[in-house]
Amino acid sequence: MKFQPIKPKKVSAQIAEQIRSSILSGEFSPGDKLPPERELAEMFGVSRPSVREALNILSSSGLVMSYQGGGTVVLSLVETSGGNPLSELIRSEQERALDVIEVRKGMESWTAFYAAERALPEDIRRMEEIIGGMERNLDGLKPSEDLDANLHIVIARATHNIVWLHLMQSLFDAMKEFQQTVWRAVYLTSEDHHLLFNHHRRIFQAIKARDAEGAREAMNAHLTFAEQRSSAYVTRQQA
């Protein structure tokens, strides 16, 4: 019997493995910044050159990108190195946003379903905080589009499936500008704001109750409504 000699792992490789595990477990979303080198060195109890080498390993594998003076950012697993061409397409042809919403109806119905089955207590707590923020914003009709988007991402994270999370983040990044415009042009009245809040609260309540089918149906109903409002907005813009 022939054994292979054991090779001790380099410190940088061990650091890279831990950061990679954190990214792939959904602790960091696409676009999130990793802690600065100095903080990472303190966390791991190693030198900054070891951290820098670990980040180079992750960068070469396409998980992160380091910017001069801008820190290290987690990359999407589903985007090209050229950025998000879908965002440019929506900017030039707004009706393509309706195609994205159609795709979201299929995707997010299932992220809500799996979130209801798999959400951990901390996932439920994050959703509860967002729903609370939305409810507070009802006073004075304060906009909640950022909370809205964040809730959908947190639901995707609660599936504990990294592919769902990265796909969702990529779509939301592409849709961000369009959705902000629609929010401010379409959801104007107190009734509109309360209606949207109730949609999101129903989705959250079903997830919290572990009602997977109810969560799927509530998400589909919400996105069907959003699709109708967005379609009416695009039609008016093209008239």
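Mentor: Some terms come first. On a 1 Å grid over the protein atoms alone, a pocket is an open set of points with protein on both sides within 12 Å along at least five of seven lines, while a cavity is a set where a 1.4 Å probe fits but cannot get out; lining residues have an atom within 4 Å of a point. Points are joined across faces, edges and corners, and the volume is the space filled by probe spheres set on them. This is a predicted model, where local features need pLDDT of at least 70 and side-chain atom pairs need 80 or more, but totals for chains, interfaces and linings use all residues. Numbering runs from 1 along each chain as its sequence is written, and side-chain values use heavy atoms, without hydrogens or water.

Trainee: How many helices and strands are in the protein chain?

Mentor: Helices (H or I, at least four residues) and strands (E, at least two) are DSSP runs, numbered from the N terminus. Along the sequence, the pattern is α-α-α-β-β-α-α-α-α-α-α-α. The count is 10 helices and two strands.

Trainee: What percentage of the residues of the protein chain count as buried?

Mentor: Buried means under 20% relative accessible area, exposed over 50%, and partly exposed in between, with a 1.4 Å probe and protein chains only. The C-alpha atoms fill a box of roughly 70 × 40 × 40 Å along the principal axes. Of the 239 residues, the buried share is 44%.

Trainee: What is the volume of the largest pocket, and which element gives the largest share of its lining?

Mentor: The volume of the largest pocket is about 470 Å³. Its lining has 24 residues, and closest to the centre are Glu 145, Asp 148, Ala 149, Phe 172 and Gln 179. Two or more residues come from each of helix 5 (96-118), helix 7 (145-157), helix 8 (162-186) and helix 10 (212-238). The largest share, nine residues, comes from helix 8.

Trainee: Which element gives the most to the lining of the second largest pocket?

Mentor: The second largest pocket holds about 250 Å³ of space. Of its 14 lining residues, Glu 37, Leu 55, Ser 66, Gly 71 and Thr 72 are closest to the centre. Strand 1 (64-67), strand 2 (71-74) and helix 3 (48-60) each give two or more residues. With four residues, the top contributor is helix 3.

Trainee: How much space lies in the largest cavity?

Mentor: The search of the whole structure finds one cavity of 30 Å³ or more. Its lining divides into five nonpolar, four polar and two charged residues. The space in the largest cavity is about 90 Å³.

Trainee: Which element gives the most to the lining of the largest cavity?

Mentor: The lining includes Met 134, Asn 137, Trp 183, His 193 and His 200. Helix 6 and helix 9 (190-208) each give two or more residues. With four residues, the most comes from helix 9.

Trainee: Why does Asn 137 count as buried?

Mentor: Asn 137 lies in helix 6 (residues 121-137). Leaving out residues up to four places away in sequence, Asn 137 touches Lys 142, Pro 143, Ser 144 and Leu 147, where contact means heavy atoms within 4.5 Å. Asn 137 counts as buried because its relative accessible area is 16%.

Trainee: How far is the backbone oxygen of Pro 143 from a polar atom of the side chain of Asn 137?

Mentor: A polar contact is a pair of N or O atoms within 3.5 Å; within protein, one must be able to donate a hydrogen and the other to accept it, and residues adjacent in sequence count only if both atoms are side-chain atoms. Here the distance is 3.4 Å.

Trainee: Where does His 160 lie?

Mentor: The phi of His 160 is near 55 degrees, a positive value in a residue other than glycine. Most residues other than glycine have a negative phi. His 160 is partly exposed, at 41% relative accessibility. His 160 lies in the loop between helix 7 and helix 8.

Trainee: Where is Arg 210 found?

Mentor: Arg 210 also has a positive phi, near 65 degrees. Its relative accessible area is 43%, so Arg 210 is partly exposed. Arg 210 is found in the loop between helix 9 and helix 10.

Conventions. Ala, Val, Leu, Ile, Met, Phe, Trp, Tyr, Cys and Pro count as nonpolar, Asp, Glu, Lys and Arg as charged, and the others, Gly among them, as polar.
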